[in-house]
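Try each task before you read its solution.

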Amino acid sequence: IRKDVSGARYWYVMTVRVKDHTEQQVTSQKWTELGQLTWLADGSGLLVTASDEDSFPAHQIWHISYPTGDVRRVTNDPNDYDGVAVTTDSTALLTVQLEQSSNIWVAPDGAASRAAQITSDNSEGIGGIAWTPDGRIVYTRRSRGTSKIWIMNADGTGQSQLTVDDYSNISPSVSLDGRFVVYSSSRTGNHCIWRMDIDGSNPEQLTNENAATPDISPDGKWIVYSASESGKRTLWRVSIDGGDSVPLTDYYARDPQVSPDGKQLAFVFMDEGVTPK
């Protein structure tokens with residue numbers, strides 16, 4: 001993982017010479033995510049599952065010529081591919097195509113036995129959902145390899161799209177006064193925290209680092225989120241109006257949720273000092 005001149009973090013493909021451990025960048029192509037790499041039998045190139053800004057979060061299959069570093073996209077569809085392998089003569093490849101089906105259900109009074117499905121597109125909610133104070137639902141919908149943020153009534157009617165760009169917009173959180181939606185968006189090349197009005201107007205970028213899973217404090221003044229710096233995901237805080245971000249942890253932590261009184265945080269924590277048994 002490296003940063004480009006804008007500070008955005010991307011994945012690059014490298015080779016390491018076994019004899020003297022010399023590292024070399026294979027191609028200038030940068031990806032938002034990288035999956036499995038495999039060499040062709042004659043060493044003339046590699047196949048890799050990866051996503052760029054256009055395909056994220058779906059992984060596509062790519063061919064990298066070696067040693068020239070020329071890149072060609074083998075698949076060009078909205079599907080998601082996990083891993084790639086080739087036959088010994090490199091005449092055929094093997095991969096796993098992933099298909100996800102997701103809809104949103106509402107359970108009155110938390111009773112799962114009375115839960116009702118309110119969407120049917122099979123692509124809703126995977127990137128996050130949130131209630132508004134007036135009982136509507138802000139949610140994500142996957143379309144053509146990207147995630148967009150929508151809003152609808154609690155019975156599934158009145159669906160309206162809030163983000164209209166062709167980038168990944170996920171993890172919505174709604175302020176308790178119903179004015180704002182904050183979310184993570186890749187529209188600048190790196191997933192950053194953005195804010196928009198509840199009707200989708202006035203989008204504004206609030207952070208620059210690789211950030212995700214924002215949550216708004218009950219008083220509507222602060223946003224707590226997780227960000228990845230130097231390969232470690234930690235918690236940060238930024239004003240709802242933007243400005244300098246403040247670190248909250250120096251250890252691995254993600255997916256923060258602010259308590260109803262605004263005094264505590266619940267989050268996922270990994271103890272890096274524990275040795276797995």
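Predicted model: local features only at pLDDT ≥ 70, side-chain atom pairs only at ≥ 80, totals over all residues.

**Exercise 1. Classify a ring pair**

Task: How are the planes of Trp 31 and Trp 62 arranged, and are these residues buried or exposed?

Solution: 
- Step 1. The structure holds four aromatic pairs. Trp 31 and Trp 62 form one of them, with 5.8 Å centre to centre and 75° between the planes.
- Step 2. Planes over 60 degrees apart count as edge-to-face. The pair Trp 31 and Trp 62 is therefore edge-to-face.
- Step 3. Now place the rings. Trp 31 lies in the loop between β4 and β5, while Trp 62 lies in strand β7. They are 31 residues apart, so the pair links distant parts of the chain.
- Step 4. Buried means under 20% relative accessible area. Trp 31 has 0%, so Trp 31 is buried. Trp 62 has 5%, so Trp 62 is buried too.

**Exercise 2. Find charges over rings**

Task: Over which rings do the charged ends of Arg 187 and Arg 195 sit?

Solution: 
- Step 1. Arg 187 has its charged end over the ring of Trp 194, 4.3 Å from the ring centre.
- Step 2. For Arg 195, the ring is that of Phe 180, and the distance to its centre is 4.5 Å.

**Exercise 3. Examine strand β6**

Task: How many residues of β6 are buried, and which strands pair with β6?

Solution: 
- Step 1. Count: seven of the seven residues in β6 (residues 45-51) are buried.
- Step 2. In a regular strand, side chains alternate between the two faces of the sheet. Check both sides. Leu 47 is among the buried residues on one side of β6, and Val 48 among those on the other.
- Step 3. Find the partners. β5 and β6 run antiparallel, joined by five bridges. β6 and β7 are also antiparallel, with six bridges.
- Step 4. Look at Val 48. Leu 37 stands opposite Val 48, and Val 48 stands opposite Trp 62 in β7.
- Step 5. Inspect the turn. β5 and β6 form a hairpin with five residues between them. Gly 43 in this turn has a positive phi of about 75°.

Notes: Residues numbered from 1 in each chain as written. Heavy atoms only, no water. Phe/Tyr/Trp six-rings, centres within 6.5 Å; stacked < 30°, edge-to-face > 60°. Helix = DSSP H or I, 4+ residues; strand = E, 2+ residues; numbered from the N terminus. Buried < 20%, exposed > 50% of the residue type's maximum accessible area, 1.4 Å probe, protein only. Lys NZ or Arg CZ within 6 Å of the ring centre and 35° of its normal. Pairing = 2+ DSSP bridges.
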